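User: I would like to learn how to read the features of a structure like the one shown here. Please take them one at a time.

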Amino acid sequence: MNSAVSFAAKPCTGVGNGKFSSYGYTAARAEMTTVAAPKKASTTFRLPELSLLGIPHSDLQVREIVQRQSYTRSLAEDDRACKKPQFHPAFLDEAFERCRVICAEYAKTFYLGTLLMTEERQKAIWAIYVWCRRTDELVDGHNATHMTSSVLDRWEERLEDIFKGRPFDMFDAALTDTVHKFPLDIKPFRDMIEGMRMDTRKSRYEDFQELYLYCYYAAGTVGLMTVPIMGIAPESPISKQSIYNAALYLGIGNQLTNILRDVGEDASRGRVYLPQDELAQFGLCDEDVFSAKVTDGWREFMKEQITRARFYFNQAEEGASQLDKASRWPVWSSLMLYREILDAIEDNDYDNLTKRAYVGRTKKLLMLPLAYTRALSLPSLTLG
């Protein structure tokens, strides 16, 4: 399943440092609670009855990640200086240029949004994007048939070398340079690899809590990786924890949208990334997915899945405006683009079994100025 491609470990102490990105308002909390799922299907199935939230953030150690990634810049620089790798400037320039080209080719809308960022932040985001894409392609790329657990083990060892200043290739070097310039913790990167492991051994998800964990691994981690790069607006009135929670939620929303968009494609590979208990609540099962018949029951089921994805995007909005002003455009572009995908599923009469919802180039281009306008808005000072 394609991920949504949206720190502060200490190399001097031997601790490794190395489909996108719902920034939350006051409703976003460090500790999430689980809302009980409905007991039976109904056409009056309402939002409060949805199992909206997955597992407690404490179980994912998000608070610890935030603390490690919240070092002041001077402390981070001092801590890493003793093992900062030395690369020839021309070599690094080429490494980041290659990352830029890949990002521009495969994430066009997001890439355009990065052009307002400072050069240092641009390069860091491109390097992270490329690493996430390469990680995802281990499972979903052309060589995925050769995937084994040992391949992922070696990839994780390579990640640890990146964070220790021992890159294997040019792309690794770009990320090595990045993790020595920004307070990035290795855990979100490791967790993304764990998501790839989950993909190799799991093709069904019993309930939303299981699916949420997968969405965290596959895409929520991207939000945690990128907040230190994006930066937080000095005038932001909400806590760093809330902004990180929101970044994670945007990743969850993006991944849920990927899942809903790709139901038919995943089914062709024998995979069903939908909560089994919720399928049953609507009188559905795997065979209904594989038969590719869009029934009234399927439509009602999809309406509720789309409602859940939108819930996470709603959680994202306030946090997107709490980032550094120059970094908001790519986040708003991603958020608005993924919402358009949900709209496209609805426009297809909820047929994501035989059709793949997409957003046309013209609509994407028209969306960019709207995202830019939202990016210019000042952080809200009154959250309620």
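User: What should I know about the model before reading it?

Analyst: This is a predicted model, in which local features need pLDDT of at least 70 and side-chain atom pairs count only at pLDDT 80 or more, while totals for chains, interfaces and linings use all residues. Residues are numbered from 1 along each chain as its sequence is written, and side-chain values use heavy atoms, with hydrogens and water left out.

User: How is a helix defined, and what span does α11 have?

Analyst: Helices are DSSP runs of H or I with at least four residues, numbered from the N terminus. The expected span is 1.5 Å times one less than the number of residues. Helix α11 covers residues 240-261, 22 residues in total, and its first and last C-alpha atoms are 32 Å apart, close to the 32 Å expected.

User: Is α11 largely enclosed or open?

Analyst: Buried means under 20% relative accessible area, exposed over 50%, and partly exposed in between (1.4 Å probe, protein chains only). In α11, 21 of the 22 residues are buried, so the helix is largely enclosed by the rest of the structure.

User: Where is T178, and which residues does T178 touch?

Analyst: A contact means heavy atoms within 4.5 Å. T178 sits in helix α8, residues 170-179, and is buried at 2% relative accessible area. Leaving out residues up to four places away in sequence, T178 touches F96, K123, A124, A127, L184 and I229.

User: What does UniProt place at residues 211-233?

Analyst: UniProt annotations may be inferred rather than shown by experiment; positions are in the numbering used here and feature names are shortened. The unreviewed entry gives "transmembrane region" for residues 211-233. In the model, that stretch is 87% helix and 0% strand, with its end C-alpha atoms 32 Å apart.

User: Which residues have a positive phi without being glycine?

Analyst: Q61 is one of them, with phi of about 60°; D349 also has a positive phi, near 60°. Q61 is in the loop between α1 (57-60) and α2 (62-68), and D349 is in the loop between α16 (328-347) and α17. Q61 is partly exposed at 37% relative accessibility, and D349 is partly exposed at 39%.

User: Which residues form the nonpolar surface patch?

Analyst: Patches are made of residues with over 30% relative accessible area and no salt bridge; like charges are joined within 9 Å, and nonpolar side chains (Val, Leu, Ile, Met, Phe, Trp, Tyr) within 5 Å. Accessible areas come from the Shrake-Rupley method with a 1.4 Å probe, and for residues only the protein chains shown count as cover. L112, L115 and L365 form the patch, with about 240 Å² of accessible area together. L365 lies in helix α17, residues 361-376, and is partly exposed at 43%.

Terms used
Helices (H or I, at least four residues) and strands (E, at least two) are DSSP runs, numbered from the N terminus. A salt bridge is a side-chain nitrogen of Lys or Arg within 4 Å of a carboxyl oxygen of Asp or Glu.
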